[in-house]
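Open the model in your viewer and keep the selection tool ready. This tour tells you what to pick next.

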Amino acid sequence: MKQRARIRLVVIYIAAAIVLAGTVGPFLWLVSSSFQYERQLLNRPPQWLPNPIVLDSYREIFEGAVMGEDSGVPYQSRIFLRSFANSFFVAGSVAVIAVMAGAYAAYPLARLRFRGRQVLLFAILASRLIPALSLAIPIVLVAKRIGMSDKIVSLVFINLSFILPYVIWLLQSYFKTIPMELEDAGRIDGCSRLQVVHKIILPLSLPGLTSAAILAFLLTWGEFLFALLLSESPSSYTSTVVVSLFATDVDVSFVSIITAGVLSVIPPICFALIFQRYIISGLLSGSLKG
Amino acid sequence: MSQGALALIFSAPAVLIIAATILVPFGMAVFLSLHNWNLKRPGRERFVGLENYSDWLSDRDFWVPLQTTFTFAILAVAVIIIISLLISLLLNERFPGRGVLRALLLVPWAIPSVVNALLWKWLLNPQYGLVNAIFFEFGIITEYQNMLGSMPSVMIWLVIAYSWIHIPLATLLLLSGLQTIPGDIYESAIVDGAGIWQRFLTITLPLLRPMLSIVIIFEMIFAFKVFDIIFVLTAGGPADATNVLGWQIYTETFRKLDFGAGSSIAMLLGGITLALAILFYVFLDKGVEQ
């Protein structure tokens with residue numbers, strides 16, 4: 001029996017090693033590449049670990065952002081940090097606003113009885129079935145007409161609508177887990193509905209609100225289609241757009257392209273690993289990334 | 001105040017945002033799809049009824065991308081489901097380090113699709129890519145190749161690159177499904193002398209079926225809408241080999257600036273996606289009841 005347990009563990013760890021290599025391997029290679037000289041990247045066979053550790057491409061991005069055209073750095077590298085800040089602004093704003101508006105919308109869906117509740121819940125979910133591409137066409141047309149194209153505020157607004165249904169769904173299922181007695185006690189003590197939400201529901205839902213905010217941030221950070229279609233200049237490019245500008249340009253050195261890729265996944269990966277519990281619980285109770 | 005009025009007030013901000021950015025554009029997209037509306041020929045906009053639709057339905061530029069989309073989606077969903085089922089079975093076993101492995105699954109999940117495309121573009125580089133290097137070292141190929149340069153290898157690698165960031169979520173969802181299966185069912189099966197394969201077929205698979213159906217439906221919907229990775233990795237090429245419907249809509253609308261034709265093909269994509277979702281739902285759900 002002991003023998004069998006040992007064999008089982010060996011099989012498990014071989015499988016786990018394969019999964020581990022497949023999961024983080026490709027990303028680690030990207031990180032390793034970003035710390036090498038361009039000419040080392042062109043080695044055959046490839047050099048697995050950077051030796052020495054080269055920070056040139058990272059310095060380029062910072063110098064380019066500060067010195068502009070004088071730095072002699074490629075265009076994409078110069079505008080990258082700006083786009084990084086834009087991504088933070090858009091994703092951060094969406095996370096905050098989506099959780100605030102979402103929480104108020106989720107409360108009645110979880111707790112109140114009113115006509116059309118089922119319809120509202122269904123409509124909110126169904127809105128996510130419409131492909132973004134078909135909505136993109138009129139949205140771009142209108143944004144250009146009313147002068148809202150090329151503004152990051154527009155990106156906040158558009159991303160909100162895709163994130164909100166998701167946040168509402170997640171929060172209403174979380175609110176349902178809060179014991180009704182607590183709310184009733186508050187009502188008997190003379191709290192209004194709004195006070196019940198503020199003093200009982202929201203404080204008790206902190207874990208749920210946190211997962212919703214983090215997921216909203218991550219989903220918005222990775223959004224590409226609207227970021228691409230609604231931006232025309234570095235003032236509104238997000239990091240995913242600049243990454244695509246890098247990746248589709250053959251004249252930029254590999255190491256610059258790779259470095260931009262690494263930098264733009266640092267925030268989401270750090271977030272994902274730090275808040276993994278919140279994310280996993282949020283993913284399991286809510287919908288999906290897409 | 002009645003609960004209905006409260007619900008209205010509470011959900012107003014969220015509902016207004018969703019309506020403004022989803023419902024209104026959807027209505028406009030329907031409107032555009034019924035018109036001749038090309039930005040290159042302003043002033044010639046006119047109502048044409050269902051002409052755009054009938055044009056598409058008799059056009060190879062619709063049927064060929066549709067076929068490509070199907071091929072891509074079926075392959076991608078198959079790869080995602082098989083691999084995530086295997087990983088979730090592994091993570092369902094108890095072993096030291098399981099939590100770490102589960103957390104690290106979030107690394108690919110957190111990577112934005114555009115950065116993922118850039119990562120694979122680097123891995124698959126025809127001259128310096130790691131995939132070429134590894135295949136060469138192991139003697140699988142005798143000289144470096146452009147994996148994205150011809151069929152079928154471009155489709156295979158596109159599917160792998162796409163699946164890489166989609167496997168983690170599918171795995172977590174399937175794992176949560178596995179964890180609802182009570183352990184004593186397995187124990188009594190072992191007593192009855194059922195082997196590991198028999199237990200998988202007679203216990204795991206049937207009891208996992210509801211979650212499996214949900215994951216298949218969602219992944220199918222996502223795969224049908226694929227766009228980001230195409231934009232960076234293949235741009236529909238080589239020679240339209242990866243020209244999926246999402247890419248066709250993009251080029252039609254934002255390169256040829258034919259918003260009428262673009263909207264109508266986008267509607268067709270939306271309709272097909274919805275039909276598939278319903279079909280799968282009915283089909284897979286029936287299977288559960290039996």
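Buried means under 20% relative accessible area, exposed over 50%, and partly exposed in between (1.4 Å probe, protein chains only). This is a predicted model: local features need pLDDT of at least 70, side-chain atom pairs count only at pLDDT 80 or more, and totals for chains, interfaces and linings use all residues. Residues are numbered from 1 along each chain as its sequence is written, chains are lettered from A in the order in which they are written, and side-chain values use heavy atoms, without hydrogens and water.

**Stop one: Ser239(A).** Select Ser239(A), in helix H12 (residues 239-247) of chain A. Helices are DSSP runs (H or I, at least four residues), numbered from the N terminus. Ser239(A) counts as buried because its relative accessibility is 0%. Now show its contacts (heavy atoms within 4.5 Å). Leaving out residues up to four places away in sequence, Ser239(A) touches Phe80(A), Ser83(A), Phe84(A), Ser87(A), Trp221(A) and Ser264(A).

**Stop two: H13(A).** Select residues 254-274 of chain A, helix H13. Of its 21 residues, 15 are buried. Where does H13(A) kink? Go to Ile266(A), shortly before the proline Pro267(A): the kink is about 35°. The bend at a residue is the angle between axes fitted to the seven residues ending there and the seven starting there.

**Stop three: H8(B).** Move to chain B and select helix H8, residues 153-178. H8(B) is mostly covered, with 23 of its 26 residues buried. Find Trp164(B), shortly before the proline Pro168(B): a kink of about 40° lies at Trp164(B).

Definitions and conventions:
Helix = DSSP H or I, 4+ residues; strand = E, 2+ residues; numbered from the N terminus. Expected span 1.5 Å × (residues − 1). Axes fitted to C-alpha atoms, helices over the stretch in contact; angles between N-to-C directions.
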